[in-house]
Amino acid sequence: MARKNALIRKYINLTVKEDTAILDQPIYLFQNDRNIDLVFTIKNLRYDIVRNIVEEENVVESSGATYFRVKILKPDQDDKDREFTSDLYFVNGENQVVFNINDTFIFDEKNEDGSLPSEENDKIGIYKLQIQLYDSGLGRITIPEVEFAVLSPIFYDPETDGVIVDDSTVGDSILGQPDEITGFYEWYKGQIVSAERLNAIQDKIKELQIKIDSVDVGKVTAKEVSYESDEFTNVQDALDSLLYKSPTVTSLTTTYSGGTTLEMGTVLSSVTFNWAYNKNITSQAFANVSLDPNVRTYTYTRGIFNTTTLNLTASDGKNSCSRSITFTYANRIFYGVSNTSTYNVALLRSLSNTLSNSKARSFTVNAGSNQHIFYAVPTRLGGCKFAVHGFEGGFQKVATISYTNSQTYTESYDIYKSDNPNLGNTTVVVS
């Protein structure tokens with residue numbers, strides 16, 4: 001909805017706190033202000049009592065919103081056009097909502113002849129504005145409303161008040177002479193805006209309108225209308241170029257609930273994928289299988305049993321786009337505390353674990369009476385270095401055992417143990 005040639009861009013932070021929204025600066029307009037971009041960054045305010053900090057997040061980004069719609073409630077209770085609803089627009093690349101104040105908002109509907117209504121629809125008063133966010137599946141969340149004011153200008157505005165016939169000028173110069181062919185006057189500064197001249201213009205317009213209405217052009221397509229340029233030969237091609245947007249994959253997901261990091265030994269015999277584009281496309285392929293351009297789902301049945309990347313590619317006939325999804329295999333890394341001196345599979349299963357291919361991490365445990373801190377990683381990841389409170393060391397490798405995971409995959413694990421027990425609440429950094 002934003003325009004590249006917007007006169008003004010006003011950047012506004014809209015912060016949501018529970019069921020209310022707060023602006024970091026007031027919004028006000030004057031009657032007939034237009035072509036102004038209101039750029040909203042929508043933030044969600046959360047207060048973490050435990051850590052005593054305030055966190056903010058961009059609601060558009062965190063919700064995965066792709067589109068937005070703006071609704072406005074005008075202040076006049078008796079106005080039949082009190083409610084205004086914008087079209088559905090894309091959010092911009094910075095995850096912001098850009099609402100343009102233009103004639104579409106100022107005047108809800110034009111007259112049948114294309115002219116603007118005689119009465120002003122941008123009433124003076126307090127307006128309520130509400131933003132609705134949509135994802136690619138048109139799931140919707142609504143942001144609490146905010147208010148803005150439309151004020152009355154203190155100066156004379158010819159756009160609204162008009163000029164006074166026989167009593168207004170357009171500058172300082174002499175009267176121009178009419179064109180010999182068209183009969184129209186060329187206007188110069190200083191000429192009187194007379195009723196006779198205005199009526200002459202209106203009569204000429206009526207005369208031309210009658211001539212236009214009498215021409216039977218039939219049905220003409222934009223393709224049939226010539227367009228003189230070095231690049232285009234007809235209006236349709238020019239419009240297609242002007243309005244063209246490159247294809248993009250807006251989402252690519254899998255219905256498999258286990259995520260894309262799999263425990264070693266896992267075999268996925270069948271996985272279904274879904275995706276969406278920002279526009280219609282003319283050709284596409286998933287995992288090198290060509291699909292009908294209207295298809296948006298595919299079940300992969302060739303099996304996934306090691307690290308695998310699957311690609312989605314598409315084209316609109318002019319440009320192409322792609323996105324990939326990768327399944328990665330890893331085994332579990334174990335960490336925690338225990339008072340045992342038996343280093344076996346039972347020890348590993350008593351500890352906390354995470355699925356990862358990296359031995360490096362930081363974890364915090366509470367080692368009580370006679371308890372040591374343990375850390376166990378696949379031998380293939382190499383030796384580990386430890387640091388506690390900034391000091392290196394304090395751990396020794398005490399055993400190497402064979403471990404079989406829940407997917408019956410077996411490999412060698414190295415078990416590390418803290419030199420000292422009873423360390424209490426301790427953060428360990430492993431590299």
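Select Phe-273 first: this residue is buried, at 0% relative accessible area. Buried means under 20% relative accessible area, exposed means over 50%, and partly exposed lies in between (1.4 Å probe, protein chains only). The model is predicted: local features need pLDDT of at least 70, side-chain atom pairs count only at pLDDT 80 or more, and totals for chains, interfaces and linings use all residues. Residues are numbered from 1 along each chain as its sequence is written, and side-chain values use heavy atoms, with hydrogens and water left out.

**Aromatic pairs**

Rings of Phe, Tyr and Trp (its six-membered ring) pair if their centres lie within 6.5 Å; planes under 30 degrees apart count as stacked, over 60 as edge-to-face and the rest as tilted. The whole structure has 19 aromatic pairs. Phe-273 and Phe-286 make a tilted one, with 4.9 Å from centre to centre and 40 degrees between the planes. Colour the strands next: Phe-273 lies in β15 and Phe-286 in β16, so the pair ties together parts that are 13 residues apart in sequence. Strands (E, at least two residues) and helices (H or I, at least four) are DSSP runs, numbered from the N terminus.

Move to Phe-363 and Tyr-375. Their ring centres are 5.5 Å apart and their planes are at 5 degrees, so the pair is stacked. Phe-363 sits in strand β22 (residues 361–367) and Tyr-375 in strand β23 (residues 372–378), 12 residues apart. Phe-363 is buried at 4% relative accessible area, and Tyr-375 is buried at 0%.

**A charge over a ring**

Select Lys-318 and Tyr-244. The charged end of Lys-318 sits over the ring of Tyr-244, 4.3 Å from the ring centre. For this, NZ of Lys or CZ of Arg must be within 6 Å of the ring centre and within 35 degrees of the ring normal.

**Salt bridges**

Side chains of opposite charge can pair when their charged atoms come close. A salt bridge is a side-chain nitrogen of Lys or Arg within 4 Å of a carboxyl oxygen of Asp or Glu. The structure holds six of them.

Start with Lys-279 and Asp-316, whose side chains meet at 2.9 Å, N to O. Lys-279 lies in the loop between β15 (271–277) and β16 (283–286), and Asp-316 in the loop between β19 (308–315) and β20, so the pair ties together parts that are 37 residues apart in sequence. Asp-316 counts as buried, at 14% relative accessibility.

Next, pick Arg-332 and Glu-263. Their closest N and O atoms are 3.2 Å apart. This pair links distant parts of the chain, with Arg-332 in strand β20 (residues 320–338) and Glu-263 in strand β14 (residues 261–263), 69 residues apart. Arg-332 is partly exposed at 25%, whereas Glu-263 is buried at 7%.

Then go to Glu-207 and Lys-211, with closest N and O atoms 3.6 Å apart. They are four residues apart in helix α4 (residues 195–213), so about one helical turn separates them. Glu-207 is partly exposed at 35%, and so is Lys-211, at 48%.

**Last stop: a surface patch**

Show the surface and select Tyr-28, Phe-30 and Leu-151. Together they form a nonpolar patch with about 270 Å² of accessible area. Phe-30 belongs to strand β3 (residues 28–30) and is partly exposed at 31%. Patches use residues with over 30% relative accessible area and no salt bridge; like charges are joined within 9 Å, nonpolar side chains (Val, Leu, Ile, Met, Phe, Trp, Tyr) within 5 Å. Accessible areas come from the Shrake-Rupley method with a 1.4 Å probe; for residues, only the protein chains shown count as cover.
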